[in-house]
Amino acid sequence: MTNGNLQSYLTERESEPAPKKRGLWAMLSTMKFAIWTLIVLGALSLAAMIVGELYAPEALRRAQGFGPDLLRVLRMDDPFRSWWYRLLLGILCLSLFACILERTPIVWRLWTKKPSSDASWLRSVRSGVVRTVNSSRSELESRLHRFRWRLKSDALWIGERGRIGLWGPLFTHSGMLLIGLGALVGSFGGTNTRLGGFAGDVVEMPGMPFAVRIDSFRVVYYPLQPGQWVMVDEAWVGKLARQASSGRWQVRRMGRDESEEVVTVAADRIRNRFASEMDRANIKRYSAFVTVLEDGQEVLRQEIAVNSPLRRAGFRLYQSSYDPDHPRFVASYDSLHLQVSDSAAGITDTITLLPSVEVAVPRDTVKVTAGELLPHFKLGQQGAYSESEEFINPAVQLVFRGASGFEKPRWIFLKFPSHETGPGRYAYRITSLHGERATTELMTIFEVRRSHGGALLWLGFVFATIGLLLSFYVVHRVLYVEWPAAGQGETRLTGLSRKTIRLYERELDSLIENLRASA
Amino acid sequence: MATPLDVQLFWVAFWCYLVGWFVFSLWLAIKKPLLTTVGSLLYVLGFVPQTVAFGVRWANTGHFPMSNMYEYLAVMSWMAVLTFGILTWRYRQWVISALITPIVVMLMVAASLLPKEPSMQLMPALQSYWLYIHVSLASIGAGAFAVAAAVSMIFLLVAKEKEDANADFHPSLRPALQALVYVPLAIVIVALVSGLLAQQSAMVFFGAPSPRGGGALILLGLYLLICGFVWGRLARGRSLAEKRYWTGIGFLGLFGGALISGVLLKSGSVVLTENSPLRLFEFFGLVLICGTVVVFLSHALLGFGRIPWKLKLEGKLLDEVNYRAVTLGYPLYTLGALFAGAIWAETAWGSFWSWDPKEVGALIIWVFYSAFLHARYQRGWSGTRTALLSLTGFAMMMLSFFGNYFFGGLHAYG
């Protein structure tokens, strides 16, 4: 690398290579070392990816034999958090640091130091563009207005353009160093876990200084449109071809023998939401509305969706997925009529119950409260639950409380109105249910993450972006203008640049053509 | 079903470029200035509908048309045209237009093989403005790399360097034919001595299920690969120009082979073993088999090496255009594929980097082009060496692009 002198910077490639430096630090600062580290990192990343494709982590942990043993020693089940990967990343960072440390003073000198007025060395330059022109100083200066003149003497002018580009590689490498450090720091520690819940649940985890209450979760589907997989008549799956007319669609139905027929069906027979992998592409959005709780106080309401995580106190909650296989069916109602019969006395009363409102049973000390409604009652190991949102076997839980303090819940079935013998001498029967409705609730799943090194990564992105733009879109060009003595002879222009010299040549040729034309 | 307007416009552009290429090829032979005007006009006539197609598709789908592989490749070819247009204008060298077009045509043929049905519905993860930034910058960068690869191919096939002035140039197929005989002999001997066949060793090493028909593809591909290396060894004494020529033909075979393989797979003439992790190797085998045919065909089409030798093209110019195209593409690819991708991944998936196959592929490509730039800028690598790097980089990029057919992962949308 050049010593920071403009001449040696411009002619570096023509000179003999610098003698090899010895020592660990010198080796780290060489480009060759950094490139080899990058190549090894790239090759090992590829190898790790291929091993990952051939062996699932679990399969690798179970596999027997020398090959799997070796892969386990190398931590190929999680290669990018392995010791050797971190070591390589650390070496790369060290190498980048050494490069930056070595090159910063050189760039600084190139930036600040005035070029030498000795131009005799220009005669031996091989990679420059040399042209001669017959032109006055003022005219040439006006034509070369894009150059900033760093030296103006009677015999020699030295102009530069795109000098800011000199900083590009330094910024780029600093950015890459920061990104490497950020990745290294991020590979240690951190939190990565999944939490799920239904609407109304509060999710929290140890170490997270806040809790999140799920207020609601929704899945929005695209409207019917061509290309969608749809369920027709709850019987077969097809692909929507196009809308035949208002309210009717053409659906491509695939046979088992790969035959295909186009069937026209009414829109109300078609569903684009069904329990299959195919309907996933029809999902437009899924998101949870949550309330953040700190010390039991509501501090924030937010929607968590894909591409819109909740960020708080260093934690990030992502809308990772949801569980369509284990839904919860929730039903509600406005009121119900409960028939209370005393068969011994031959008396029957009907009372109206509102949900969760306690009402006294006539002529008794017992009080009854109407509770949960299950539209499709089933009894499982975990107790009663609803199997669907359809009102196939609706049941309401009634809770009886007596003056002596007893509390007795009991399920009453609407479609099987056998008179349930309640507490005491009465039998109970629900004669009608009003305003009943049921919905399906899905469990939302959040991914909770906390990692370190994020700030370093962001800073790295900024530095590297600036660096890349300066390095590749700002080209540093130097122009030496040697004036003839006492107005005799022609002015000699020597253009030097380390990049795209042919373009520079074209540019100078065009300038000379213009000068000649104007003369 | 009627072909959508944007696909029709895509085909209009394709035919304009193809005819434009023929016109420029004619210009190379007879050098009539009128032909450059006609050729340029055809490129413009192709570029306009291709640009309009992009807008039409955007309007039809209601979202930025970058959600599947056809759209990505279409934009990549569009960008390649734009890049070589800029380079032709900056360097005023018509020959760039004449010789780069095949790669644009190739990209468009590859795009035409992919499902063109527009995705009307963006999945939730893709509903972000980062889609525009990430995919467009990456495809623009990739388009520039495609141009660099095309220029490099021309360099290898056609360019003349100072030392070639008195060089002996008689590209002969003899070493290739020798290799085709020697290699099977060597393989038979090794197989007999060790009792280990290539497929078995692959199974032992990977412990993977054995593909039945695919095994033949892998073996034949492996055989041709070894033949290629032996060919290289046998041609050691040849001139540099001749070696360059054969290397160029080799890359032509690789890209052509990949394209033909794509056509064969698309048409169902060849089927890779379902769900086998070795299907990638089967694909490589198929590429090498088709590529070998392309190598011999290309050699014949190039007049057994005589046509490129007669074209007087300055190596230094091609070398600089190669470098310029890479420097145009590299920052965009870095910002788009890596930085914007990482930032978007953090917002959508919770992690800047997930080591998804496509991400690893992008990283390797980036490392490769970084090495290219350092080698050129710091070590003064140029000419043949940078041309080889450029072509290898582009081959890696195409492999990464189609990689999700073999590896799946988070980027398996199209």
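**Figure 1. Cysteines A:C93 and A:C99.** A search of the whole structure, covering all chains, finds zero disulfides, a disulfide being a pair of cysteine sulfur atoms within 2.5 Å. A:C93 takes part in no disulfide, and the nearest cysteine sulfur, that of A:C99, is 12 Å away. Because the sulfur of A:C99 is 12 Å from this closest cysteine sulfur, it is too far for a bond. A:C93 is buried, with a relative accessible area of 6%, and A:C99 also counts as buried, at 8% relative accessibility. Buried means under 20% relative accessible area, exposed over 50%, and partly exposed in between (1.4 Å probe, protein chains only).

The model is predicted: local features need pLDDT of at least 70, side-chain atom pairs count only at pLDDT 80 or more, and totals for chains, interfaces and linings use all residues. Residues are numbered from 1 along each chain as its sequence is written, chains are lettered from A and ligands numbered from 1 in the order in which they are written, and side-chain values use heavy atoms, with hydrogens and water left out.

**Figure 2. An open sheet of five strands in chain A.** The strand order is β1-β28-β27-β3-β2, with antiparallel pairing. Strands (E, at least two residues) and helices (H or I, at least four) are DSSP runs, numbered from the N terminus; two strands pair if DSSP finds at least two bridges between them. The edge strands of chain A, β1 (129–133) and β2 (148–152), each pair on one side only. From one strand to the next, the twist averages 20°. In chain A, six bridges join the antiparallel strands β27 (residues 477–482) and β28 (residues 491–497). A:L479 stands opposite A:G495 in β28(A).

**Figure 3. The largest nonpolar core.** This core has 155 residues, and those with the most contacts inside it are A:Y480, B:L73, B:M76, B:I100, B:F339 and B:F394. A nonpolar core is a set of buried Ala, Val, Leu, Ile, Met, Phe, Trp, Tyr and Cys residues joined through side-chain atoms within 4.5 Å. Helix α5 (residues 129–158) of chain B contributes the largest share, 18 residues.

**Figure 4. Surroundings of B:Q50.** B:Q50 lies in helix α2 (residues 33–61) of chain B and is buried, with a relative accessible area of 5%. Its side chain and that of B:Y17 are joined by a polar contact of 2.7 Å. A polar contact is a pair of N or O atoms within 3.5 Å; within protein, one must be able to donate a hydrogen and the other to accept it, and residues adjacent in sequence count only if both atoms are side-chain atoms.

Notes
Axes fitted to C-alpha atoms, helices over the stretch in contact; angles between N-to-C directions.
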